[in-house]
Amino acid sequence: MSSSLQGIPETLLIPLWARAVESKKAQPIVVDSTAADMLTHINFDFSVFEKVWLSQLGVAVRTMLLDNAVRNFVRDNPDCVVVNFGAGLDTRFHRIGNEAIRHWYDLDVQSSIDLRRQLIPETERNTYITCSVFDPAWEEQVQHKDAPLLFIAEGLLMYFSEHEVRSLFMQLTEKFPHSDILFEMLAPFMVGRAKHHDSVNKLSTQSEFTWGMAHSKDIEKWSKKLQYVEEWNYYDYYKARWKWWGILARFPLWKAQLSNRIVHVKVL
C-alpha cells in the first residue's frame, strides 16, 4: 500500500523500521513480531535508513522503557484505561496484552489512522480515535468512568512548541485529574536541529524539533496540579551499544542538554 504521509505523520515510519531492525538482532532490546511484516506492506524505501544507528537504538531503548513503565502502571492500576497520543503504527497494546487493561485508545490524525486501520485491526478493547491531540473533541470519545487513566506521548511532543505542549498539559489537568502521563522528552540540544538527525533528515518532508527541557522537573512550574515523579535516561541503558555518543551524553556537565528521556508525571 502506498504511504501518503506528509510532515509529522511521516515520522511514524522511523520507529516502525527501528523496531523491525531491533527484533532481528541476536540479543534484541525489544521484540515486535509484526513490525517487519508491516514494512513489506508500505510503499516506502526503507533502505534510506540503512546506515542509521543512533535513532534506531534510541527507539529500541525508549520502547523498552515505555513498555516497562506501562506494564508497571497496569500492574498497580488494574482495570485501567490508556490513551496513546500520536499512536502511529505503535503495537504496544498487542505487546503488553494485559487483561487488566479495561480499554486502550490509539489516537492520531487522519492519515496515520487510515494507514493504521489497514495494517492493525481494531479489537474490542483497542479502538482508534481520529483527531489531533490538540483538539479537545477526542475527550468525549474516551470512556474512563472510575478507571485509573494513563496518557502516553511517544515521539510526538518534540515536534510542537512549548506553548502547544503546555496547553495540552493544562487541558489534561482540567479534564482528567488523578491521571498519569508518560512522555518522551527530547534533548534540548536537538531543538532546531532536525536536519542533523540521522533518520528524520531521511524523510521526504522535513519536520522540525521545537521543544525539549533540560530539567524535567521544571514542568511542575506550569501548574500546581502537575507532579514530576521520575524519569529514565536512554543513555543509562545498554551503554556498550551507545559507543562514543553515550560517553559524551552521560558526561555530567552535558547530560541535561544531550539526554533523551522518558518522563513520568502525575496530574493531581
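This is a predicted model: local features need pLDDT of at least 70, side-chain atom pairs count only at pLDDT 80 or more; totals for chains, interfaces and linings use all residues.
**Entry 1: helix α6**

I began with the buried residues of α6, and I noted that they pack against β1 (80-85), β4 (149-153), β5 (180-185), β6 (226-233) and β7 (261-267). The buried residues themselves are V165, L168, F169, M170, Q171, L172 and T173. I then checked the length of helix α6, which runs over residues 162-175: at 1.5 Å a residue its 14 residues should span 20 Å, and the end C-alpha atoms are 20 Å apart, so the two values agree.

**Entry 2: helix α7, by way of contrast**

I repeated the length check on α7, where the 12 residues have end C-alpha atoms only 10 Å apart, short of the 16 Å that a straight helix would reach at 1.5 Å a residue. Which residues of α7 are buried? I found W242, W245, G246 and A249. Seen down the axis of α7, these buried residues fall within an arc of 110°, so they line one face of the helix. On the other side of α7 I found A240, W244 and I247 exposed. The buried residues of α7 pack against α3 (54-76) and α8 (255-258).

I reminded myself of the general rule that an α-helix has 3.6 residues a turn, so residues three or four places apart point the same way.

**Entry 3: helix α5**

I looked next at helix α5, residues 110-119, and listed S112, I113, L115, R116 and L119 as its buried residues. They cover an arc of only 165° around the axis, which puts them on the same side of α5. Among the elements that cover them are α2 (35-39), β2 (101-108) and β3 (126-130).

I found L89 in the loop between β1 and α4 (92-96). Is this residue buried or exposed? L89 has a relative accessible area of 2%, and since the cut-off for buried is under 20%, I wrote it down as buried. Leaving aside its neighbours within four places in sequence, L89 is in contact with L12, L16, R19, M38, I42, L115, R116, L119 and I120. Three of these names, L115, R116 and L119, were already in my list of buried residues of α5. I also noted that the C-alpha atoms of L89 and D108, which are 19 residues apart along the chain, are separated by 9.8 Å.

**Entry 4: the nonpolar cores**

The largest nonpolar core has 64 residues, and those with the most contacts inside it are F85, W138, F151, L157, F169, F183 and W222. Helix α1 (residues 13-23) gives the most to this core, with six residues. A second, separate core has 29 residues, including M64, L65, F73 and W232.

**Entry 5: aromatic rings**

How many aromatic pairs are there? I have the count as 19. One of them joins F169 and W222, an edge-to-face pair with 5.7 Å from centre to centre and 80° between the planes. This pair links distant parts of the chain, because F169 is in helix α6 and W222 is in the loop between β5 and β6, 53 residues apart. F169 is buried, with a relative accessible area of 1%, and W222 is buried as well, at 8%.

I then looked for charges over rings, and found R193 over the face of F189, at 4.5 Å from the ring centre. The charged end of K243 sits over the ring of W53, 4.7 Å from its centre.

**Entry 6: two positive phi angles**

Most residues other than glycine have a negative phi. H178 has a positive phi of about 65° although it is not a glycine; its place is in the loop between α6 and β5, and it is exposed, with a relative accessible area of 65%. Y238, also not a glycine, has a positive phi near 50°. I found Y238 in the loop between β6 and α7 (239-250), partly exposed with a relative accessible area of 40%.

Notes. Residues are numbered from 1 along each chain as its sequence is written. Side-chain values use heavy atoms; hydrogens and water are left out. Buried means under 20% relative accessible area, exposed over 50%, partly exposed in between (1.4 Å probe, protein chains only). Helices (H or I, at least four residues) and strands (E, at least two) are DSSP runs, numbered from the N terminus. The arc is that of the directions from the helix axis to the C-beta atoms. Contact means heavy atoms within 4.5 Å. The expected span of a helix is 1.5 Å times one less than its number of residues. Rings of Phe, Tyr and Trp (its six-membered ring) pair if their centres lie within 6.5 Å; planes under 30 degrees apart count as stacked, over 60 as edge-to-face and the rest as tilted. A charge sits over a ring if NZ of Lys or CZ of Arg is within 6 Å of the ring centre and within 35 degrees of the ring normal. A nonpolar core is a set of buried Ala, Val, Leu, Ile, Met, Phe, Trp, Tyr and Cys residues joined through side-chain atoms within 4.5 Å.
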